[in-house]
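Thanks, everyone. Let me put the model up, and then we'll walk through it.

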Amino acid sequence: LIFGIFIVIILIKYPLECIEKVVTIAKKVEQGDLNVSVDIQSKDELGQLANSFNSMISSIRSPTSRWPR
């Protein structure tokens with residue numbers, strides 16, 4: 001039973017850390033910082049989420065870099 005709980009904790013820890021990274025970056029983007037990116041190098045769904053999020057930030061950044069200041 002204890003071994004099973006230990007395995008579950010290990011299996012849950014990585015996805016939660018990845019989600020926490022995305023949330024942290026999302027809050028920075030919400031505050032207007034577009035010079036950030038999510039650094040997740042996995043090939044699973046969380047990696048796809050990170051890549052999509054980085055693409056979204058890049059898309060937002062590109063048009064705003066052409067606005068006059």
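Start at S42. Its side chain reaches the backbone nitrogen of G47 at 3.3 Å. Keep in mind that this is a predicted model.

Where does S42 sit? In the loop between α1, residues 2-30, and α2, residues 45-64.

There is a second partner for this side chain. A polar contact of 2.6 Å links it to the side chain of D44.

Now the wider neighbourhood. Leaving out residues up to four places away in sequence, S42 touches Y14 and G47.

Is S42 buried or exposed? Buried. Its relative accessible area is 18%, and the cut-off for buried is under 20%.

Step back to the whole chain. We have two helices and zero strands. There are 69 residues, and 20% of them count as buried. Take the contacts between residues at least 6 apart in sequence: 49% of these join residues at least 24 apart.

The chain exposes about 5,600 Å², with carbon and sulfur atoms supplying 62% of that.

Which residues make the nonpolar surface patch of about 950 Å²? F3, F6, I7, V8, I10, L11, I12, L16, I19 and V23.

Pick one of them, F6. This residue lies in helix α1.

Key
Residues numbered from 1 in each chain as written. Predicted model: local features only at pLDDT ≥ 70, side-chain atom pairs only at ≥ 80, totals over all residues. Heavy atoms only, no water. Helix = DSSP H or I, 4+ residues; strand = E, 2+ residues; numbered from the N terminus. Buried < 20%, exposed > 50% of the residue type's maximum accessible area, 1.4 Å probe, protein only. Contact = heavy atoms within 4.5 Å. Areas by Shrake-Rupley, 256 points an atom, 1.4 Å probe, with all protein chains shown as cover. Polar contact = N/O pair within 3.5 Å; in protein donor to acceptor, adjacent residues only side chain to side chain. Patch = residues over 30% accessible without salt bridge, like charges linked within 9 Å, V, L, I, M, F, W, Y side chains within 5 Å. Salt bridge = Lys/Arg side-chain N within 4 Å of Asp/Glu carboxyl O.
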